[in-house]
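This briefing is meant to be read beside the sequence and the 3D structure.

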Amino acid sequence: MPVESGSSAAARQAKQKRKSHSLSIRRTNSTEQDRSGLQRDMLEGQDSKLPLSLRSNLLDLFSQIEREFENLYIENLELRREIETLNDRLTADGQTFEGADLAKGALKTKASHSTSQLSQKLKTTYKASTSKIVSSFKATTSRAVCQLVREYVGHRDGIWDLSVTRTQPVVLGTASADHTAMLWSIETGKCLLKYLGHQGSVNSIKFHPTEQMALTASGDQTAHIWRYMVQLPTPQPVADIATPCEDDVDFSDKDEADGEVEGPNDCPSVRVATTTLRSHQGVVIAADWLVGGKQVVTASWDRAANLYDVETSELVHSLTGHDQELTHCCTHPTQRLVVTSSRDTTFRLWDFRDPSIHSVNVFQGHTDTVTSAVFTVGDNVVSGSDDRTVKVWDLKNMRSPIATIRTDSAVNRISVSVNQKIIALPHDNRQVRLFDMSGVRLARLPRSNRQGHRRMVCCSAWCEDNTSCNLFTCGFDRQAIGWNINIPALLQEK
């Protein structure tokens with residue numbers, strides 16, 4: 001009677017096991033629909049406070065995880081069987097003791113390698129599955145109504161900055177790389193005034209706290225203070241184009257053609273500044289009013305920030321110490337405090353509350369350019385960076401941030417709402433996200449091929465007192481956008 005060799009027996013066993021494995025997978029796939037339907041029937045009979053749609057979504061995700069682990073378990077069994085087969089073959093070949101030891105070492109190496117691969121695959125699967133769960137959960141729980149109300153179109157180049165007046169009439173101001181600043185009617189989207197006094201890109205715009213004056217910073221190495229007078233047109237009815245803030249919006253990476261945008265032809269203009277501030281030796285990237293409006297601070301690429309007297313236009317202090325170009329400056333709404341940001345990965349807090357002592361504190365909380373740092377009404381500073389993080393700091397203890405927000409894109413000029421302290425993050429990747437001060441994401445503003453920004457979003461600005469638009473954003477798609485954020489619903493779903 002012929003005796004079957006060890007190699008042929010191993011081949012036959014492997015073939016049978018592969019057949020068993022395929023049958024197991026077919027049985028698994030054939031029962032998935034029945035099991036899913038049964039689980040959904042069970043859901044309807046269970047007492048839970050979660051919405052049925054959310055429970056069903058979570059159940060689907062857990063089912064995916066279960067199937068993946070089941071497949072990995074079957075694969076693990078196959079590996080163990082292969083090890084046993086190899087061991088049987090070595091025993092049948094009658095190798096010596098030394099050879100058996102070597103074979104056991106080889107088997108141990110192969111088993112260790114297989115186990116390592118399996119462990120890595122388990123880790124990868126676990127991370128991917130849990131990431132899907134978290135993303136899906138956020139998409140469901142962060143759905144607040146974020147309505148795109150109006151688009152402000154008229155600039156011929158990208159818009160760097162925007163701001164809302166703090167006095168009546170309330171208008172929107174934009175600063176553009178086309179060398180102009182514009183004032184807009186928030187309700188109608190019509191251009192009310194154009195400032196043409198700069199010879200370079202207009203990089204920022206801020207309004208006086210009590211008077212109809214604007215402060216603009218420019219690439220022509222100057223900052224201008226100029227007066228304006230505008231008359232608001234009759235408001236037009238707002239079209240209802242509400243879009244839910246959710247992560248499942250179908251985004252399009254196809255950008256529209258860069259055709260020339262026709263600017264407003266009937267828009268009045270101002271060509272001469274009331275005051276020109278000239279002390280910088282480089283691009284003036286930002287400027288802001290100190291509390292009371294009698295002094296202004298400017299930030300420049302010459303690595304210095306300057307403090308000026310508005311009435312005399314004289315330089316009061318030159319704030320030096322940054323190692324690289326400045327990117328932004330901001331003043332505290334109620335105290336004589338200034339924060340400057342720089343490409344040297346730091347931001348500095350300058351204290352002018354005591355006239356005899358001007359202290360400065362340096363904070364190194366980021367690993368890349370700090371694009372902006374802003375004060376809140378309370379005792380917090382919020383900083384954003386090209387390192388894709390936003391950090392919240394307590395002025396009373398600035399040694400370490402009290403919250404860190406990690407994102408997937410560089411963050412530009414952020415803003416914090418006065419009443420509810422919601423942080424609006426404009427990103428390089430054309431997204432705008434909303435977070436609370438503890439770092440919890442509240443929403444992402446809708447963006448698709450039909451609405452939203454089509455280029456980098458440069459700046460955000462809140463105006464909570466306005467009933468039609470309470471958040472504004474601008475970007476390098478040459479437009480500013482007014483949004484209506486349902487803040488009570490946003491906070492209720494947090």
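In this predicted model, an open sheet of 5 strands runs in the order 2-3-4-5-10, and its pairing is mixed. The edges of this sheet are formed by strand 2 (159-164) and strand 10 (269-270), each of which pairs on one side only.

**Pairing within the sheet**
- Strand 4, made of residues 181-184, and strand 5, made of residues 191-195, pair in the antiparallel sense over 4 bridges.
- Within this pairing, Trp-184 stands opposite Cys-191, which belongs to strand 5.

**The largest pocket**
- The largest pocket holds about 1100 Å³ of space, and its lining is made up of 41 residues, with Val-164, Arg-166, Val-416, Val-418 and Trp-462 lying nearest its centre.
- At least two lining residues of the largest pocket come from each of strand 2, strand 6 (202-207), strand 12 (284-289), strand 16 (326-331), strand 20 (370-375), strand 24 (415-416) and strand 28 (457-462).
- Sorted by class, the lining of the largest pocket comprises 21 nonpolar, 13 polar and 7 charged residues.

**The second largest pocket**
- The second largest pocket holds about 430 Å³ of space, and among the 15 residues that line it, Trp-160, Ile-285, Thr-327, Thr-371 and Asn-412 lie nearest its centre.
- The lining of the second largest pocket divides by class into 6 nonpolar, 5 polar and 4 charged residues.

Note on methods:
Residues numbered from 1 in each chain as written. Predicted model: local features only at pLDDT ≥ 70, side-chain atom pairs only at ≥ 80, totals over all residues. Heavy atoms only, no water. Pairing = 2+ DSSP bridges. 1 Å grid on protein atoms, 1.4 Å probe; cavity = no way out; pocket = protein on both sides within 12 Å on 5 of 7 lines; lining within 4 Å. Points joined across faces, edges and corners; volume = space filled by probe spheres on them. Nonpolar A, V, L, I, M, F, W, Y, C, P; charged D, E, K, R; others polar.
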